[in-house]
Amino acid sequence: MNPSSAESAKRGISFIVNGEAKKVLAHPMERLLDVLRNNLGLTGAKEGCGEGECGSCAVLLDDMLVNSCLIPIAQANGASVVTIEGMSAHSLMKPLQESFLECGGAQCGICTPGMILAAAHLLDKKLDPTLADIREGLAGNLCRCTGYMQIFEAVAKAARRRVTQ
Amino acid sequence: MTVRHIIGASVPRKEGWDKVTGAARYVDDMALPGMLHGATVRSTIARGKIKQIHFGPGVDWNEYVVVSAKDIPGKNCIALILDDQPCLASEFVNHPEEPILLLAHPDRPKLRKAVEAVSIEYDSLPALHTIEESERQSTIIWGRDNTFKNFLVEKGDVDAIWKKAAHIVEGEYFTGAQEQLYIENNGVIAAFDPKNGVTVWGSLQCPYYVHKALITLFALPEEKVRVVQMETGGAFGGKEEYPSMIAGHAALLAMKSGRPVKIVYDRMEDMAATTKRHPSRTRHRTAVSKDGRILGGEIEFTIDGGAYATLSSVVLSRGTIHAGGAYYWPNVRIRTKAVATNAPPHGAFRGFGAPQSLFAMERHMDRIAQVVGISPVEVRRRNFLKSGQTTTTEQTIKENIDLDRLLKRALELSDYAAKKKRFAEKNKAGTNRKGIGIAAFLHGAGFTGSGERYLNSLVGAEAGADGIVRVLVSSAEFGQGTNTVLCQIAAEALGLPYENVSIAQPDTSVVPNSGPTVASRTAMIVGKLVQSAARGIKETLTKTGLLHEDYSPEQFRAACKEYIATHGALKSYARYEAPPDVFWDDEKYRGEAYAAFAWAVYVAEVTVDLTTYSVTVDDFVALQEVGRVLHPVLAEGQITGGVAQAIGFALYENVVWQDGRMMNNQMTNYIMPASMDLPPIRVFFEENGNVHGAHGAKGIGELPMDGPAPAILNAVEDATGVRFCSIPLLPEDLFEALRPEFNEQAVPSSVRGIA
Amino acid sequence: MRADPADYRLVSPGNLLGALSLLASEPAQWLPIAGGTDVMVLYSAGKLTNRNLIDIWNIPELRQIEVFPDRISIGAACTYTVLRQHEIVSREFSLLATAASWTGGIANQNRGTLGGNIANASPAADSLPALLVYDAVLTLISVRGERRVPYRTFHTGYKQTILAADELILNISLPRRFSKYFSHARKVGARNAQAISKVCLAALGQVANGAIRDVRLALGSVAPVPLRLNETEKMLTGKEIEPSLIDAARKSVLKEIRPIDDIRSTARYRSAVACNLVTEFLAKLAAEGAAA
Ligand SMILES: Cc1cc2nc3c(=O)[nH]c(=O)nc-3n(C[C@H](O)[C@H](O)[C@H](O)COP(=O)(O)OP(=O)(O)OC[C@H]3O[C@@H](n4cnc5c(N)ncnc54)[C@H](O)[C@@H]3O)c2cc1C
Ligand code: FES
Ligand code: FES
């Protein structure tokens, strides 16, 4: 291996995206976010900051909420990635989407995919989250439109819906 | 009839499902075949003459398309009001980050090195960076006197009142720049072909502003410029004028390369180069009677416009008209100006000058209360505008507004009196201080003065053979709920279910110019026109005998089908007509400034932590009278969102400037409130109605930006006894004010960033 | 503007030996990347000067937590989420668990690692004061072998450490002798979560018979390195907590810290808040002592 050569080679990356096996050819340091959006056409994850602050690029990587702008694609090799597009099968999705619609949790909608993934990640771990849990669970997801109140309400409502379902 | 009460019901947001499933398409989600990516080479200095441009080694320049001012076919400006801002600087630069060259390449990551490889030599010129420096005129950077615009409002005889005053109360107040920080950065895609001209898809608020700017830049006829608004990820004014710039850039690259070009800024570029809220300074000198009544006064309001005129005159206008707040001024002189500095132009941001001048007014009211020796509640009560009285521009308040009652209810909702007492007791000990503060204010809906008359908005509605009516407006959805509310209004007017109405994507080749999506005008002004246009459809069908009163959606569909089969399309248009009783004098700045005002009283409860000198807002009550609430969930969302931004404005959001450049242009260093920082924001409405708006609606979008900052600073003063007059109020400022004697001895002089 | 991925390479050896051999093969050419929450931020901003990266995220030896009777050993690539969830960490090393809960949002905690926080060596890093007061010992490893170093000797200057170019942090070991201490942690940032510290404190103390038996104080963001307040601790030990002692402690804190003005705060503010945080801790410790 010769690190001083100017250009790195692209390499094959195999991973599962939204339940389907995918293979892409990419430079290993390409960001997962760009590969999802540009190579796979999955544009649900958005770039708000490119530095891990806003959470609008959030996806699940091996069931963990991560910011895909901070993941080099080589680190996703062999992993399973779920984006907002792939969440429709998730049992929490319907309650979350409906509650977001009813409560006004999505205004401009740019933060919404990340917000919903963060909420799903939280509800996966906590059956009956308190307001403090919800606030903490969404602390890495910035929303400039809503002032968060209606998002908190939507997440709490989705949690109640699940419990009663 | 199947449908009633669409107005006032929280129907699902039209584009909501696409948003919660990730299917909504924003500009960066779109790609065109053969598309290039564009980037901008920007000035590194605040002011100077461009001497030479070098294209450095290490880059194969043949791979890049390069555009400079020379490539502009029309006029090198961003056409808006004064046309003084170049699209690309050619000879002089007037602020840091001013665009000079454009580059495009098929591979986006290849742009960085190329931008860095361009080096520009300048002869630098002296630059101005504050209002005070600009006023001193040590150098002239714009026009004859560094001033973009002045206004003078005069009512009564101010000079005569000083000797009648029991108290003369003075104060000086400052507000800082604020970044809109929409989560989607500015971006566009442009395509060009010689036959059809320019097409632009973008994240924007005002398709016809971009349209006008491109016509001028390319010297093309109207029909050869097409602007399409994509789903827009937040705007708040930040996508009012700037999209014309970035659209022009992408279109120039597209013309030169013959290929579509996408320019999407990254966060650092967006924050450094695009507009922010105007920093301001307000001076009050008020004559007050012994019992705390305002006899008259002088208000001086000055905003920093940055390097070019852009929208500063309009922002100044709104700030001017709101400077006297929700109070009755028998005599007043308001002098205002927008001055030039060598920063990127400041621009539209929710509230548009009003949050700045109202911050001063509402802090000053607490000051007056202290000087007179009455409570902040009482001083407001004694000076509130009442129906039949006139505003500072001598507009008679015709609506039936009772601010006393609004105030009383807000105090009850916030448990003001009991808390005030409790806090005073508690504050005697411990390391926390609690306080409670209020702000009462108003916000004019729609364009100022004669603005709506000039806009002359046009709105359309079109029925299809399927019985679905499509609303045709250029008013953009960027989160506020335009799509939903306008469809509700049309559905109600047509007596159709909400689902039977849709709205066209704003595309200048399809929709008429219903004016810009700004100034809280959409529900009220555009809504009213949508109502007329929708009624027009119904009338056409009833007049031709195809439809009778009390029809079902099926009957409506059948009627549309038949009409279209015989007459072709079924469309109806409505144009703005100024209400006859609205009078405005642009020269004297006098008259009916707005067709309607929304009114509000906000109450903020805070804790000041004496260990960290930080302020936490613990509870927030937002009570407003906004006419009819068309959609409760959306309306509440506008208020909570606005209050959150205003809490940011008051306590968190600090633009760190150095020589006209923003130094903290990253989300990690420019701090907006996140989920853990906000209090419960409790929203309440009073619905008084408004004769001018659709179903009695007034504007709602900007109002919540005005009140929180002064309410919070009033609460901080209540907690600490210290009078703060400048925002953002950061913990460092509180510390310096509360502990001026603090002596830290050994602080090394070397300054280095901690990362 | 974004960096060009073609300029960078990233290899994933997948095992410790592979990673160490690569590090050793070309001295100072390779930069490890674990969770990437520091490295990728630099990269995205186009500021990452190292062009060759080794992925150490998926190396099993770096991901384990081992509990021994007298200590706990935390693999360097354990994430904040793992730390927060670990029973012994949250019970006996609450300062560390609390710091983990401060570190960005959940997504960041799912990726950011303790070893990354240490090696990144930011004076503002949140978990480092906790490691200082817990007397952490680091195991550094290279093809040359392992060495164990007290964490307090690790940072030698602003962003400078004793880590050799061919070394990795293997694990962090904490002695299990602080569970009876009163502990107090506080972070002061520009907002309540997702913020870089302006000042942060980790503190441990024990009071016996009205006097301080042992006290351990460390601060972040007040010096070029995370700072243990050795002199202040010495001065406090054996004394009864009373106003005059607190005054003396504040003076001593000011002598030990070296804060600066930067884009996030001022030296004066940091100094005052550092004193206040220590005061707050001592007041709580006194109350604790009185209650006990
Ligand atoms: C949004 C956001 C918020 C953040 N908030 C905080 C915060 O509140 N408090 C805080 O302290 N930090 C914060 N950080 C910084 C960061 O998350 C932490 O420093 C984290 O611990 C770094 O771990 P990592 O594995 O991601 O490091 P990486 O980025 O992978 O690596 C960081 C550095 O450590 C080196 N390194 C990593 N592992 C090893 C090892 N085992 N041996 C030798 N060298 C190694 C790398 O070579 C690199 O130089 C934040 C970051 C982001 C993006
Ligand atoms: S874009 Fe990834 S966190 Fe903001
Ligand atoms: S809905 Fe617009 S940023 Fe959250």
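Predicted model: local features only at pLDDT ≥ 70, side-chain atom pairs only at ≥ 80, totals over all residues.
In chain A, five strands are arranged as an open sheet in the order E2-E1-E5-E3-E4, and their pairing is mixed. The edges of this sheet are formed by strand E2 (20-26) and strand E4 (64-67) of chain A, each of which pairs on one side only. On average, and with direction ignored, neighbouring strands of the sheet are turned by 40° against each other. Within the sheet, strand E3 (residues 58-61) of chain A runs antiparallel to strand E5 (residues 80-82) of chain A, the two being joined by two bridges, and Leu61(A) stands opposite Val81(A) of E5(A).

Helix H1 (residues 32-39) of chain A lies across strand E1 (11-17), E2, E3 and E5 of chain A, and its direction is at about 105° to E2(A). Helix H3 (residues 112-125) of chain A, in turn, lies across E3 and E4 of chain A and runs at about 40° to E3(A).

Chain B contains an open sheet of four strands, ordered E19-E18-E17-E20, in which the pairing is again mixed. Strand E19 (501-503) and strand E20 (570-575) of chain B each have a single partner strand, so that at these edges one side of each strand is left without a neighbour in the sheet. Neighbouring strands of this sheet are turned by 20° against each other on average, direction being ignored. Strand E17 (residues 458-463) of chain B pairs with strand E18 (residues 469-472) of chain B in the antiparallel sense over four bridges, and Ala461(B) is placed opposite Val471(B) of E18(B). Helix H13 (residues 482-494) of chain B lies across E18 and E19 of chain B, at about 145° to E19(B), whereas H14(B) packs on the sheet by touching E17, E18 and E20 of chain B, with its direction at about 140° to that of E20(B).

Helix H14 (residues 522-543) of chain B also meets helix H15 (residues 553-567) of chain B, the two axes coming within 10 Å and crossing at roughly 75°; H14(B) and H15(B) are therefore roughly perpendicular to each other. The contact involves Ile537(B), Thr540(B) and Leu541(B) from H14(B), together with Phe556(B), Ala559(B), Cys560(B) and Tyr563(B) from H15(B). Classified by residue type, the contact of H14(B) with H15(B) comprises six nonpolar residues, one polar residue and no charged residues.

Chain B takes part in interfaces with chain C and with chain A. Between chain C and chain B, the buried area is about 4000 Å², of which 53% comes from carbon and sulfur atoms, and the contact takes 47 residues from chain C and 47 residues from chain B. On the chain C side, Met1(C), Arg191(C) and Arg268(C) lose the most area to chain B, together accounting for 21% of what that side buries. Six salt bridges are counted between chain C and chain B; Asp7(C) forms a salt bridge with Lys113(B), with the closest N and O atoms 3.0 Å apart.

Between chain A and chain B, about 3600 Å² is buried, with carbon and sulfur atoms giving 57% of this area, and the contact draws on 43 residues from chain A and 52 residues from chain B. Leu101(A), Gln107(A) and Arg144(A) supply 22% of the area that chain A buries against chain B, more than any other three residues. Four salt bridges are found across the interface of chain A and chain B, and the side chains of Arg37(A) and Asp28(B) meet in a salt bridge at 3.5 Å, N to O.

Definitions and conventions. Residues numbered from 1 in each chain as written. Chains lettered and ligands numbered in written order. Heavy atoms only, no water. Axes fitted to C-alpha atoms, helices over the stretch in contact; angles between N-to-C directions. Parallel < 35°, antiparallel > 145°, perpendicular 65-115°, else oblique. Contact = heavy atoms within 4.5 Å. Nonpolar A, V, L, I, M, F, W, Y, C, P; charged D, E, K, R; others polar. Pairing = 2+ DSSP bridges. Buried area = accessible area lost by both parts, 1.4 Å probe.
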